[in-house]
Amino acid sequence: EPTQAAGQVVVIGSGLIGRSWAMVFAGGGFRVKLYDVVQQQITNALEYISKEMKELEKSGMLKGTLSAEKQLSLISGCTDLKTAVEGAMFIQECTPEKLELKKKIFGQLDLIVSNEVILSSSTSTLLPTKLFTGLKHVKQCIVAHPVNPPYYVPLVELVPHPETEPSTVDKTHALMKKIGQSPVKLTKEIDGFVLNRVQYAVISEAWRLVGEGVISPADLDLVMSDGLGMRYAFIGPLETMHLNAEGMTNYCERYREGMIHVLKTFGPVPDFSGEIEQQISQAMSEKTPADPEHLKARRAWRDECLMGLAKLKKQMKSN
Ligand code: NAI
């Protein structure tokens, strides 16, 4: 018997990120309309999703409680925007990272949507004021920035426009929880959002350390993958401080001066070019040659690792 779907969502753009969102929403029991301007893209996406879901089911990693077959039956393709958004409660835009293109799409949506539906963008770099200012439905607009690959890395950054209604943020947060993602709320927009700001802080110090000849590129990466990263998969930097002393206050008492001393020795923003770039590029290519075949194989291995980690986190009920 056909189970009642949890609601209907629309995914706009059926590329890498759109496919993942479609799978995550279907895992949560939602009916998904996958919209794209290119019919072939939709066909490819549906084939890819079908194959992936069947494999995930075999390995016990399919999200949600429904079978792969049932989840697949919830997803359908669509090339007409008006038809796609009919009856939708949530729209997740996943088109290429081009401001003018995204603005055009939100402009089109603005003309055809109800006052209830939430308009959400997957953008990794474009600020809500650039995307949504001037829209009639700006109160219903939000950025929900996923992390690649969203099926295994659950974080979603929620970034409001100054005019986004608090209920839009709350509803999006609840929806993300419901489909098994891990949403975090930013109170206001900021360049790079939070994930990339933290990531760039790490990348820039890594770059400087290699550039100054303190450590090799391969060893630098080990500092994260066999060091910091081990704990960061379970606790963040702030909780690490709390646990590495007798609580946060004690940590600051003990390490405040030392941290400030070290931080003052950090160099300027690197230019990510020239000799250091060549050195790091060469070191990375020794391990994984930068051709499509090798990169694809290494990414597949990475995703498998992430799948295993997701499984472990679930077992450990980490949070
Ligand atoms: P992609 O290039 O794989 O997919 C884009 C899709 O949009 C294609 O299927 C294309 O046919 C479709 N498209 C183009 N114009 C369209 C239109 N007018 N209407 C509907 N569909 C249209 O791109 P990808 O990597 O999936 O990125 C999508 C968004 O997700 C970008 O904003 C990106 O910044 C963001 N994002 C990407 C991440 C990544 O690691 N790739 C991570 C987090 C966010």
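Start with helix H13 (292-315): H13 gives seven residues to the lining of the second largest pocket, the largest share. Before you click further, note that this is a predicted model, in which local features need pLDDT of at least 70, side-chain atom pairs count only at pLDDT 80 or more, and totals for chains, interfaces and linings use all residues. Residues are numbered from 1 along each chain as its sequence is written, and side-chain values use heavy atoms, with hydrogens and water left out.

**The pocket**

Stay with that pocket, which holds about 710 Å³ of space. Select Tyr48, Glu52, Tyr152, Ala300 and Asp303: of the 22 lining residues, these are the closest to the pocket's centre. Besides H13, the elements that give two or more residues to the lining are H1 and helix H2 (39-58). Colour the lining by class and you get nine nonpolar, four polar and nine charged residues.

A few terms for this stop. On a 1 Å grid over the protein atoms alone, a pocket is an open set of points where a 1.4 Å probe fits, with protein on both sides within 12 Å along at least five of seven lines, and lining residues have an atom within 4 Å of a point. Grid points are joined across faces, edges and corners, and the volume is the space filled by probe spheres set on the points. Helices (H or I, at least four residues) and strands (E, at least two) are DSSP runs, numbered from the N terminus. For classes, Ala, Val, Leu, Ile, Met, Phe, Trp, Tyr, Cys and Pro are nonpolar, Asp, Glu, Lys and Arg charged, and the others, Gly among them, polar.

**The ligand**

Of the 24 residues you pick up, Asp36, Gln41, Glu97, Lys102 and Ser124 come nearest. Now show polar contacts (N or O pairs within 3.5 Å). A polar side-chain atom of Gln41 sits 2.4 Å from a ligand oxygen. Helix H1 (16-27), helix H5 (99-112) and strand S6 (141-146) each give two or more residues to the shell, with the largest share, three residues, from H5. By class, the shell has eleven nonpolar, ten polar and three charged residues.

Most residues other than glycine have a negative phi, and most peptide bonds are trans. Zoom to Asn148 and Pro149, joined by a cis peptide bond with omega about -5 degrees. Pro149 is in the loop between S6 and strand S7 (155-160). Then go to Phe193, not a glycine, yet with a positive phi of about 50 degrees. Phe193 lies in the loop between strand S8 (182-185) and helix H8 (195-211).

Definitions and conventions
A residue is near a molecule or strand if one of its heavy atoms lies within 4 Å of it. A polar contact is a pair of N or O atoms within 3.5 Å; within protein, one must be able to donate a hydrogen and the other to accept it, and residues adjacent in sequence count only if both atoms are side-chain atoms.
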